[in-house]
Amino acid sequence: MRQVYEARHSHWPAVGWLPRLGLVTDGFATRAIHAGQQFDPTTGAIIPPVYLTSTFVQDGIGNLRNGYEYGRGGNPTRDALQTQLAALEGGARAFSFASGLAAEDAVLRATLRPGDHVVLGADAYGGTNRLITSVYGAWGVRLTTVELGDADAVRAALSTESTRLLWIESPSNPLMKISDIPQLARLAHEAGALAVIDNTFASPALQQPIALGADVVVHSTTKYLGGHSDLIGGAVVIAPGRGELEQSIGFQQFAVGAVSAPFDAFLTIRGIKTLELRMRQHSANAQTVAEALEEHPKVERVYYPGLASHPGHELAARQMSGFGGMLSVALAGGEASARRFSESTRIFQLAESLGGVESLVGYPSVMSHASLRGTPLAVPENVVRLSVGIESAEDLVADLLAALERL
Ligand SMILES: *Cc1c(COP(=O)(O)O)cnc(C)c1O
């Protein structure tokens with residue numbers, strides 16, 4: 001087991017580490033617990049130490065121990081996380097960043113030049129739209145948003161010669177639209193573009209975009225991968241066979257420096273070990289909540305791919321192994337009801353973010369998606385988003401029904 005998972009220290013610019021022998025055949029939970037996690041050889045400590053260090057002593061000028069020189073370029077704790085992430089997504093290599101947006105920024109920086117064009121799903125995370133429009137726009141990058149369920153519209157948007165990226169989110173945020181990842185990856189490749197998937201909502205426990213044809217996977221590890229609302233982090237995972245992209249993302253991580261800190265990397269590693277179990281419970285609880293809310297007279301609509309009434313239900317059942325913990329609810333009483341509901345739950349706490357063990361409620365049009373207010377992409381004002389945690393399902397349902405009663 002140990003040899004199988006032994007990760008050679010692998011920071012940029014070292015190349016060719018890929019010790020994936022065996023990883024692909026082991027089950028997901030085995031990879032989550034063991035990939036990159038060999039015990040400490042000096043003491044036998046089963047949990048490798050957290051390397052809280054900025055620099056590494058050299059045995060002579062340029063004579064480095066296992067290639068380690070300076071913490072921005074490489075740190076053993078970050079490397080352990082990167083090995084674990086690559087194994088989970090079936091990638092050739094993964095890179096860990098200080099936030100999800102820092103990870104996205106590295107992908108954009110590594111692949112775009114002034115004049116280039118990006119196609120983004122209309123219902124994507126608001127911060128991704130803001131990053132491309134407000135930061136990259138100033139450097140001459142152009143953005144088209146498109147309904148990812150409309151293949152003709154996607155093909156048309158991709159037909160610009162300078163299109164480099166098709167940026168996909170499925171399930172999307174906050175309306176949980178499901179996109180056909182294999183079809184979209186094919187359309188991107190036909191247009192000479194890379195298919196990038198933000199896999200934050202599903203997590204690799206429920207969806208494997210690289211196996212479905214994606215070239216790059218990005219994550220906000222702040223969410224399900226960390227899983228305990230105690231860190232900010234991001235990741236980029238590169239599909240096999242894209243060595244040049246690995247090199248350029250690695251260079252961005254080293255030269256720009258938005259790396260994850262060792263302690264955050266450690267917390268992420270620890271969270272990932274229970275990812276499969278947590279996702280199973282998040283999915284079960286969300287299904288229970290969605291079914292309870294769907295029948296309620298004060299609810300206009302529930303957006304959850306696990307419901308047979310969801311337009312993406314069949315597709316989600318095909319390309320995911322569970323429907324996840326996120327759902328949105330449109331309230332019959334409009335904006336006022338949505339606001340009051342968001343402020344009156346007891347267990348669901350009003351906060352940004354998602355993916356932790358505790359349940360959260362958010363009001364997207366003013367919170368997570370405030371940057372889209374007043375645009376055609378604005379989230380309807382009667383929509384509330386729930387991140388369903390892994391508390392006792394009956395308590396969660398009772399909390400939500402009580403809040404509906406108070407409307
Ligand atoms: C939170 C989130 C991000 C941004 O990640 P940060 O860690 O907050 O920088 C990107 N995509 C999705 C889908 C998210 O939920």
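This is a predicted model: local features need pLDDT of at least 70, side-chain atom pairs count only at pLDDT 80 or more; totals for chains, interfaces and linings use all residues.
Phe263 and Phe266 both belong to helix α9 (residues 262-272), where they are three residues apart, or about one turn of the helix. In an α-helix there are 3.6 residues a turn, so residues three or four places apart point the same way. The ring centres of Phe263 and Phe266 lie 5.7 Å apart with the planes at 40°, and the pair is therefore tilted. The count of aromatic pairs comes to two. A charge over a ring is also found, with Arg72 lying over the face of Phe254 at 5.5 Å from the ring centre.

Seven strands form an open sheet of mixed pairing, in the order β1-β7-β6-β5-β4-β2-β3; its edge strands, β1 (93-97) and β3 (142-146), each pair on one side only. Neighbouring strands of this sheet are turned by 20° against each other on average, with direction ignored. Between β1 and β7 (residues 234-238) the pairing is antiparallel and extends over five bridges, with Ser96 standing opposite Ala235 in β7. Helix α3 (residues 76-89) lies across β1, β6 (216-220) and β7, and runs at about 130° to β1.

In helix α12 (residues 334-342), the buried residues include Gly334, Ser337, Ala338, Phe341 and Ser342. These residues cover an arc of only 130° around the axis, which places them on the same side of α12. Their cover includes β9 (326-331), β10 (349-350), β11 (360-362), β12 (383-387) and α13 (393-405).

Definitions and conventions: Residues are numbered from 1 along each chain as its sequence is written. Side-chain values use heavy atoms; hydrogens and water are left out. Two strands pair if DSSP finds at least two bridges between them. Helices (H or I, at least four residues) and strands (E, at least two) are DSSP runs, numbered from the N terminus. Axes are lines fitted to C-alpha atoms, for helices over the stretch in contact, and angles run from 0 to 180 degrees between N-to-C directions. Contact means heavy atoms within 4.5 Å. Buried means under 20% relative accessible area, exposed over 50%, partly exposed in between (1.4 Å probe, protein chains only). The arc is that of the directions from the helix axis to the C-beta atoms. Rings of Phe, Tyr and Trp (its six-membered ring) pair if their centres lie within 6.5 Å; planes under 30 degrees apart count as stacked, over 60 as edge-to-face and the rest as tilted. A charge sits over a ring if NZ of Lys or CZ of Arg is within 6 Å of the ring centre and within 35 degrees of the ring normal.
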